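Colleague: I am new to this structure. Please show me how to read it.

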Amino acid sequence: MKLTLKVWRQNGPSDKGGFEKYKIEANEHMSFLEMLDVLNEQLISERKEPVSFEHDCREGICGTCSLVINGRPHGLLTGTTTCQLHMRFFKDGDTIVIEPFRSRAFPVIKDLVVDRSPLDRIVQSGGYISVNTGNAQDGNAIPVSKEISSKAFDAAACIGCGACVAACPNGAAMLFTSAKVSHLGLLPQGKIESDRRTMRMVAQMDKEGFGSCSNIGACEVECPKEIKMTNIARMNRYYYKATLGSDK
Amino acid sequence: MTLNGKIPPGPLATKWTEYRSKMDLVAPNNKRRIEVIVVGTGLAGASAASSLAEMGYKVKAFTYHDSPRRAHSIAAQGGINAAKNYPNDGDSVYRLFYDTIKGGDYRSREANVHRLSEVSSDIIDQSVAQGVPFAREYGGLLDNRSFGGVQVSRTFYARGQTGQQLLIGAYGSLSRQISLGNVEMYNRHEMLDLVLVEGKARGIITRNLLTGELERFSGHAVVLATGGYGNVFYLSTNAMYSNVSAGWRAAKRGALMANPCFVQIHPTCIPVSGDYQSKLTLMSESLRNDGRVWVPKNHEDAVSIREKKRSPLDIKEEDRDYFLERRYPAFGNLVPRDVASRAGKTACDEGNGVSPTGLAVYLDFASAIARYGKSRAVSEGIKDPDKSTIIQLGEKVIEEKYGNLFEMYEKITGENPYKLPMKIYPAIHYTMGGLWVDYNLESNVPGLFVLGEANFSDHGANRLGASALMQGLADGYFVIPYTIGQFLANDIRTPVFKTDTPEFDKVEQEVKDRLDKLMKIQGNQSVESFHRRLGKIMWEYVGMSRNGEGLQIAIKEIKKLREEFYKDLFIPGKVNEYNYELEKATKVADFMELAELMAHDALNREESCGGHFREEFRSPEGEAMRNDKDFAYVAAWEWSEDGMHKMHKEELKFENIELKTRSYK
């Protein structure tokens, strides 16, 4: 298949950046990133600078890959990361527009690579259970219902890619943060410090320059791990409880 | 050099406990003054960094990723073993130890493996306490499943994303220590060399991947948890960035590389589909709990499937060869990985492979779907269910168990595995070889510790499924926090190391020269094209099946390719900027040297054991033939630029287990 790519090129954070057009020959068995590999090999053979983009596991779990493809984070398929998107979903002659994950809190580093370290700092502010190595009791000492465990897992499936932020017109990181708050807050092991965790993570989220949630729902649609917005509702409940609840 | 494994005396069962009780300790007030460098933030690195920081050491942790959570441990699917015996099926510390030694084809150290199996239960407890959402039964207790090479259910799992969940647990602990100021975290920093001061590992040189700047870091000890080298084959299930460079740089500073030819080939991966392919995707071993592996019995059937004239559903039951069940009735589809991989390759070599390339076998869930469907119908009180109801119910059970894997398969291949059997083929997955370490996980370079896949210690010539996560976390949470004290206890009066010293100057200059040399070549071929060619040589001659002649050819070809690399490589961009091509070039340069050493090691080892299969050494039935008389040793190699690599032997002594021919029949 013959494709035209419009790719965002930006040489560093302070560069203005713009789209470059490339013609490329691909086939339908390739993954989207393999198609970009072909583009880069082509550029290198012309002694030009390849397009910088991030990727690693190429099986949808490490959260390194990103890209806004034709206006949608991780492309047109739901529940799919860019690395799992295959070219059979495109047609011969298509023009594909490729941009970085844009958001105020994610400055562009180069081309399609952005800085997502604010997400790490949100986790550092409280996205864990405070247990030292060696402190643990037997794994079966506290039973956890299958339902709760499964709900916690659904939230814990987040890969920290930042698609929710890129999808949100407000540039909010509510889906990301609420997934962590829910994962840990649902489990008996994590309930104990839930109040503190929720308040600290929300505060850090604001400090990093992320926007607020106004229930648009683009995050849920674009999340490659199909994390639900009900997590945001849960985080809000936890937050009210932690700040205004009758125990306070 | 004599290699001293430093295995403590005493009976196997109490060695570790006794050793730990009498070990040198570093007092809390002294820990605060001691700095430890940890490179890599996967399961081993993150668990080590957080545990050491909790104990009071000052830790500097490094990853080349943008976040510690991206490490490749995250991709592990199936599960983690532990000798909990929750299912009451006769498991014990000894049995896990025995299975691991046997599974490794008697090429690992008894004492290390026993310790691993002793601490395995603590890992589960620790992870549950961190909030890892393991699979549970309706009663709220932890669920288990079976993996290859064992006859008990000791594998704990979190759907098909166990590695992800365990890593997020360890990453959480690491994040907590970062927020407390106990760990200084350096993202996007790649280790490019090791600095020795008076023969001890005291620092590293890194490249800041955003700016290209070389930076120096010192510590009282250096811990490498930098993963395996499967990407030397170009195509593997490893992540794209996974590489050997940190370990290889240590090897070039004197650390020994042990058993580099021991590579694990995983039987169930999605087959190669074309030349553009960048990586292979694993389908978890857990699928072999329910999937049956087969090829058509008749060559004509296989050919017509390859030509897409027939579908697997057209092949009658009696015309199918369930070759694992036929050849290995006792373990059936759950034989260890090396055995399953070779059997699959044999079936394809005999001309009965499916898929257009002929390099694939089926993994079929139809009988499991029918079985589960029937039992679900009973539990839902459906009387005399028809076939389609059974299939519908059965598919639901399979979806609950393996939903994400089936989805992943469909995304990649475009085929629905609920309706058509999966097509699978073996692929490079894990490397058992790695830097040589003693019982303390310390290499022959004092102060250099190596954890997880990066070391050689626990899996012998073949790793059992769900044991990589176990080893990474055992090393990081429960071994290194103790054993590092044996080295650091001598350093409590040693002040923090300065980095403006001749030792650091020299190594940094060497790194700079190496990068400049690569940048200056300005030839015509991309890094990728060299890597691909290296992979082809390795897969052809140092892959699933090896022979003396082929290995000699490999050594020559690799040398030739390396010469060409240094003459005709082209790296665009500049050295002092974000330059992914340069990053790749340093990795491939190191792979090319390691590749040669792997071939040497495979050539030296004139026996077949575990993942290392030498065609000259097999029984008339085609099974691997081990040679315990001459090869029950660890081959630890010293790299030499002139190709005359020197081997140091560590004899393996089996005092508790009788060496037997491994049989899964």
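Colleague: How many residues of chain B are in contact with chain A?

Modeller: This is a predicted model, in which local features need pLDDT of at least 70 and side-chain atom pairs count only at pLDDT 80 or more, while totals for chains, interfaces and linings use all residues. Residues are numbered from 1 along each chain as its sequence is written, and chains are lettered from A and ligands numbered from 1 in the order in which they are written. Two residues are in contact if their C-beta atoms, placed from the backbone, lie within 7 Å. Here 64 residues of chain B touch 62 residues of chain A.

Colleague: Which element gives the largest share of the side of chain B that touches chain A?

Modeller: Helices (H or I, at least four residues) and strands (E, at least two) are DSSP runs, numbered from the N terminus. The largest share, 9 residues, comes from α6(B).

Colleague: How is a sheet read, and what is the strand order in chain A?

Modeller: Two strands pair if DSSP finds at least two bridges between them. In chain A, an open sheet of 5 strands with mixed pairing runs β2-β1-β5-β3-β4. β2 (18-25) and β4 (72-73) of chain A are at the edges with a single partner strand each, so one side of each has no neighbour in the sheet. Strands β1 and β5 of chain A run parallel, joined by 4 bridges; A:Lys6 has A:Val97 in β5(A) as its bridge partner.

Colleague: Which domains does chain B have?

Modeller: Domain bounds come from an automatic or database domain assignment. For chain B it gives domain 1 (268-428) and domain 2 (502-635). Their centres, taken over C-alpha atoms, are 34 Å apart.
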